[in-house]
Amino acid sequence: MRCTDADRRLLSALRDCGADPRVAAVARAFSLAGEHGAVWLAAGAAGAALDRERRGGWLRAAGLVAGAHLVSMGVKRVVRRPRPRPAAGPLVRTAGRHSFPSSHATSAAAAAVAYGALRPAGARLVPPLAALMCVSRLVVGVHYPSDVLAGALLGGATARLGAARTGAAPPGDTGPAPRPAAGVRP
């Protein structure tokens, strides 16, 4: 897979934002938290533990996040695109040397889709955090923008497709609606 000039320029501009120590610290923290989808899987486990009413939904959603992450790792092994080498150097070490797609972006987008359906607060909180996770990978200089875009698209699609293919209710659904009592109209 080839990298375009626009990919390089956008990566360079965002990596330059990491020259600010405060921006670099936030980007590093997001990158560390997102390693192997850890923050998103922990959120799913916490949701299942704390929200007993929707425990099944949280567990299904966490499974979708894990599945999306595994799919991205498989695509990485096939595509084998090398990581970028920004002039300023990367701000973090990486677990692997392949860059396409961004697994951080994949798991973040899958979490936004899956957890966002569980609670109204999740629909407001998770997508902006997922977006920050995606941008952090550019600021730390370890992905091209096209890696992040592809990862986000893959994560969202995998979470949606996974919910549909397993025959599971959408992640926010806790099961069929209760039936009205005999003789009672809904």
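The dialogue below turns to a loop residue, an aromatic pair and a helix.

Guide: This is a predicted model, in which local features need pLDDT of at least 70, side-chain atom pairs count only at pLDDT 80 or more, and totals for chains, interfaces and linings use all residues. Residues are numbered from 1 along each chain as its sequence is written, and side-chain values use heavy atoms, with hydrogens and water left out.

Visitor: Is Asp51 buried or exposed?

Guide: Buried means under 20% relative accessible area, exposed over 50%, partly exposed in between (1.4 Å probe, protein chains only). Asp51 counts as buried because its relative accessibility is 9%. Asp51 sits in the loop between helix H3 (38-50) and helix H4 (55-79); helices are DSSP runs of H or I with at least four residues, numbered from the N terminus.

Visitor: Which residues is Asp51 in contact with, leaving aside neighbours within four places in sequence?

Guide: Contact means heavy atoms within 4.5 Å. On that basis, the partners of Asp51 beyond those neighbours are Trp58 and Arg119.

Visitor: How is an aromatic pair described?

Guide: A pair of aromatic rings is characterised by the distance of the centres and the angle of the planes. Rings of Phe, Tyr and Trp (its six-membered ring) pair if their centres lie within 6.5 Å; planes under 30 degrees apart count as stacked, over 60 as edge-to-face and the rest as tilted. The count here is 1 aromatic pair. Trp58 and Tyr115 form this tilted pair, at 5.4 Å centre to centre and 40° between the planes. Trp58 lies in helix H4 and Tyr115 in helix H5 (residues 103-116), so the pair ties together parts that are 57 residues apart in sequence. Both Trp58 and Tyr115 are buried.

Methods:
Helices (H or I, at least four residues) and strands (E, at least two) are DSSP runs, numbered from the N terminus.
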